[in-house]
Amino acid sequence: LFFENMPLLFVFIVPSVAMRLWSEERKSGSIELLFSLPITICDAIWGKFLAAWTFLAISLVLTFPMPATLRFLGEPDMGLILTGYLGAFLMAGGFLAIGCFFSALSKNQVISFILAVVACAVFVFAGMPTTMNYLSTFLPSGMVDFVAILSFQEHFDTMQRGVLKLSDVGYFALMIIGWMLACGVILDERKAS
């Protein structure tokens, strides 16, 4: 129950962490200084991403009083709790990568926040049962299944139930890598211009 509304909560929290990563650098002009340092764009992108992801991981770890209280009061399934935390950590990384991309896309923090929230919400709501039912009225079942596969909700729900599948971990890893590569393309293009 602790992780049940986590995707909807992360839709707003994670983009607020990501919105300043690149947009503020571009707005203030300090991005030129950053790119003049002897590091690659890839190093800068992954450094900022890992710093923000570490911040989110610390925020997740600081919720330990809830499972600790459950452990004190009863006999919860700790495997279920740990896979839920792993799923929340990976989902935060996916949302953060999306937020990094939109932060690199816009100089305005508010615009990057709104775009990231909308993109993250699409990835969450795509897997909700109501969305699946609606899409099944006019899309073939193969397309509906494809939309469900792309959903964060679908992969997070599996981990929330305590099932750790390599396909779910791979999905989050591919989402993080894909969005970070897209962020690199945007920043490389901005550096050239």
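Trainee: Ser-106 sits in the loop linking helix 6 and helix 7. What makes Ser-106 buried?

Mentor: We're looking at a predicted model, where local features need pLDDT of at least 70, side-chain atom pairs count only at pLDDT 80 or more, and totals for chains, interfaces and linings use all residues. Residues are numbered from 1 along each chain as its sequence is written, and side-chain values use heavy atoms, with hydrogens and water left out. As for Ser-106, its relative accessible area is 10%. Buried means under 20%, exposed over 50% and partly exposed in between (1.4 Å probe, protein chains only), so Ser-106 is buried.

Trainee: How do you know that the side chain of Ser-106 has a polar contact with Asn-108?

Mentor: A polar atom of the Ser-106 side chain lies 3.0 Å from the backbone nitrogen of Asn-108. A polar contact is a pair of N or O atoms within 3.5 Å; within protein, one must be able to donate a hydrogen and the other to accept it, and residues adjacent in sequence count only if both atoms are side-chain atoms. So 3.0 Å passes the distance test.

Trainee: Which residues does Ser-106 touch, not counting those up to four places away in sequence?

Mentor: Ser-23, Arg-26, Ile-111 and Ser-112. Contact means heavy atoms within 4.5 Å.

Trainee: And Ser-112, is that one buried or exposed?

Mentor: Ser-112 lies in helix 7. Its relative accessible area is 1%, so Ser-112 goes down as buried. The Ser-112 side chain also reaches the backbone oxygen of Gln-109 at 2.8 Å. Leaving aside neighbours within four places in sequence, Ser-112 has contacts that include Met-19, Ser-23 and Phe-102.

Trainee: Why is the pair of Tyr-134 and Phe-138 called edge-to-face?

Mentor: A search of the whole structure turns up 14 aromatic pairs. In this one the centres are 5.3 Å apart and the planes stand at 75°. Rings of Phe, Tyr and Trp (its six-membered ring) pair if their centres lie within 6.5 Å; planes under 30 degrees apart are stacked, over 60 edge-to-face and the rest tilted. So Tyr-134 and Phe-138 pair up edge-to-face.

Trainee: What about accessibility for Tyr-134 and Phe-138?

Mentor: Tyr-134 has 53%, so exposed; Phe-138 has 49%, so partly exposed.

Trainee: What makes Tyr-171 and Phe-172 edge-to-face?

Mentor: Their centres are 5.3 Å apart, with 70° between the planes. Tyr-171 is buried at 10%, and Phe-172 is buried at 0%. Both belong to a cluster linked by ring pairs, along with Phe-95, Phe-101, Phe-102, Phe-123, Phe-152 and Trp-179.

Trainee: What span should helix 4 have?

Mentor: With 21 residues, helix 4 should span 30 Å; its end C-alpha atoms are 30 Å apart, so that agrees. Among its buried residues are Lys-48, Phe-49 and Trp-53.

Methods. Helix = DSSP H or I, 4+ residues; strand = E, 2+ residues; numbered from the N terminus. Expected span 1.5 Å × (residues − 1).
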